[in-house]
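Hello,

Here is the structure I promised to pass on to you. Have a look at it first, and then read my notes below.

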Amino acid sequence: MSTIDDSMEGRICMVTGGTGGLGLVTARALAQMGATVVVHGRSQQKAENVVNLIKEETGSTETGFLQHDDSGPGRIRTCDQPVMSRWL
């Protein structure tokens, strides 16, 4: 019988809406599986709090945040450079 490898080590995951609800649960689970997690949100304070919470709960040192407002048309395209320059 084969086993499923659920390790996310070496992967970078950006979680939009990661400061609450399902996004927070997702970010926490990905960090527990070893992923580098980038919490994406509009509020820097909320994102910093979530990153600190995830680091405390999971021991992850590879968790950070990206403050970015994607509410306007085409704005999501402008967040790739900060992610790539910091985490890749």
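Three strands form an open sheet in the order β1-β2-β3, with parallel pairing; strands count as paired if DSSP finds at least two bridges between them. Because β1 and β3 (63–67) sit at the edges with a single partner strand each, one side of each has no neighbour in the sheet. From one strand to the next, the twist averages 25 degrees. Helices (H or I, at least four residues) and strands (E, at least two) are DSSP runs, numbered from the N terminus.

Please keep in mind that this is a predicted model: local features need pLDDT of at least 70, side-chain atom pairs count only at pLDDT 80 or more, and totals for chains, interfaces and linings use all residues. Residues are numbered from 1 along each chain as its sequence is written, and side-chain values use heavy atoms, leaving out hydrogens and water.

Now the pairings. β1 is joined to strand β2 (residues 36–41) by 5 bridges, and Cys13 stands opposite Val37 in β2.

As for the helices, α1 lies across β1, β2 and β3, at about 165 degrees to β1. Helix α2 (residues 44–58) lies across β2 and β3, at about 170 degrees to β3. Contact means heavy atoms within 4.5 Å; axes are lines fitted to C-alpha atoms, for helices over the stretch in contact, and angles run from 0 to 180 degrees between N-to-C directions.

Best wishes
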